[in-house]
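This briefing covers helix packing, backbone geometry and the surroundings of a ligand. Please read it alongside the sequence and the structure.

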Amino acid sequence: PHPDRAWFTEARFGLFVHFGLYSAAARHEWVMSNERQTVEQYERYAEVFDPDLFDARAIARAAKEAGMRYVVLTTKHHDGFALWDSAVSDYSVARTRGRDLVAELAEAVRAEGLRLGLYHSLIDWHHPDFTVDFVHPRRDDPDAHTLNEGRDMARYRTYLHAQVRELLTGYGAVDYVFFDYTYAHDRDGWRGKYPEDWDAEGLLALVRELQPQAVVNDRLGIPGDLVTPEQYQPDQPMRDDDGAPITWEACQTLNGSWGYDRDNTRFKAPDLLVRMLVDTVAKGGNLLLNIGPDGRGAIPARDATTLAALGAWTRLHGRS
Ligand code: JFZ
């Protein structure tokens, strides 16, 4: 039994916002893993991170002006740093700077008449009980395999569920929950992460209980309300085994990186993005287009210009 997905399908176009400590590093949201940084090294970004230019109203307005109907914010990415005031963790911008960016964005998005989506990472490279695997920053340590002896995913699971509960109870109606992600295979001598590692069924039940109207994606590793091909356009309308159209959403970056990546200039031109939007809608899907605010939370000029160009097109073609 799915919640009502009509609003989601009609929305067609949304804004993804990747923002976190990695935005201050300014070289991709996977920097902690890519550079094999320890928790102690990476925590130093928390000391300097200050989203003084994060303006939730400006983000919501930019989305609206682009013709988008919903905004999805990274509440916590794989680095484990929370953008809200979590009662179960000190590792948050609320503790370092006294800001609750989830609250700020939720209010701004509603004020613009848009829907609210919350992205939440199942992966957590900061939590001491989250086990090392083939994408974890500690994977190449000489003693990497013995590190897992003291780690207990059951304790992490309790923490994960507590944080998700906070997000589903503290911010009013949530329209969309984007969990990220399950890699249910083993590699390089490491066990991957399986739905049971999150208690995926329990997390889905938690959303159904606390936000029964919310649409949930499929990256818990169990079926949700929509499917999410990442950074590719399906070549046909997506269908189920019986040939019926299914609800799907492609998420796409502006330059290949989700988090702010200062020296990356491989931007998709606005006309390409318009074609991707048309391609998506023609195939019955949604396009969730990403921006990566910089380390201070400002929308990079290039991202803003691109959104404005998309707005010029969507206005011309019937969307206010
Ligand atoms: C994940 C994240 O690792 C990434 O940083 C970003 O947040 C993106 C939106 O989601 O990356 C994925 C997740 C799932 C797949 C591919 C990349 N997948 O299912 O193919």
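The axes of helix α5 (residues 56–66) and helix α7 (residues 101–111) come within 8 Å and cross at roughly 40 degrees; α5 is therefore oblique to α7. The model is predicted: local features need pLDDT of at least 70 and side-chain atom pairs count only at pLDDT 80 or more, while totals for chains, interfaces and linings use all residues. Residues are numbered from 1 along each chain as its sequence is written, and side-chain values use heavy atoms, with hydrogens and water left out.

**Helix packing**

- Helices (H or I, at least four residues) and strands (E, at least two) are DSSP runs, numbered from the N terminus.
- Axes are lines fitted to C-alpha atoms, for helices over the stretch in contact, and angles run from 0 to 180 degrees between N-to-C directions.
- Angles under 35 degrees count as roughly parallel, over 145 as roughly antiparallel, 65 to 115 as roughly perpendicular and the rest as oblique.
- The crossing of α5 and α7 is right-handed (the near helix is turned clockwise from the far one by less than a right angle).
- Helix α12 (residues 270–282) and helix α13 (residues 301–316) have axes that come within 10 Å and cross at roughly 55 degrees, so these two helices are oblique to each other.
- A right-handed crossing is also found for α12 and α13.

**Backbone geometry**

- Most residues other than glycine have a negative phi, and most peptide bonds are trans.
- Asp 180 is joined to Tyr 181 by a cis peptide bond, with omega near -15 degrees; Tyr 181 lies in the loop between β4 (176–180) and α10 (195–198).
- Ala 26 has a positive phi, near 65 degrees, and sits in the loop between α2 (21–25) and α3 (31–34).

**Ligand surroundings**

- Residues around the ligand (a heavy atom within 4 Å) include Phe 16, Trp 30, Asp 180, Tyr 181 and Arg 219.
- The shell divides into five nonpolar, three polar and four charged residues.
- The protein covers 75% of the 450 Å² of accessible area (Shrake-Rupley method, 1.4 Å probe) that the ligand has on its own.

Notes:
Nonpolar A, V, L, I, M, F, W, Y, C, P; charged D, E, K, R; others polar.
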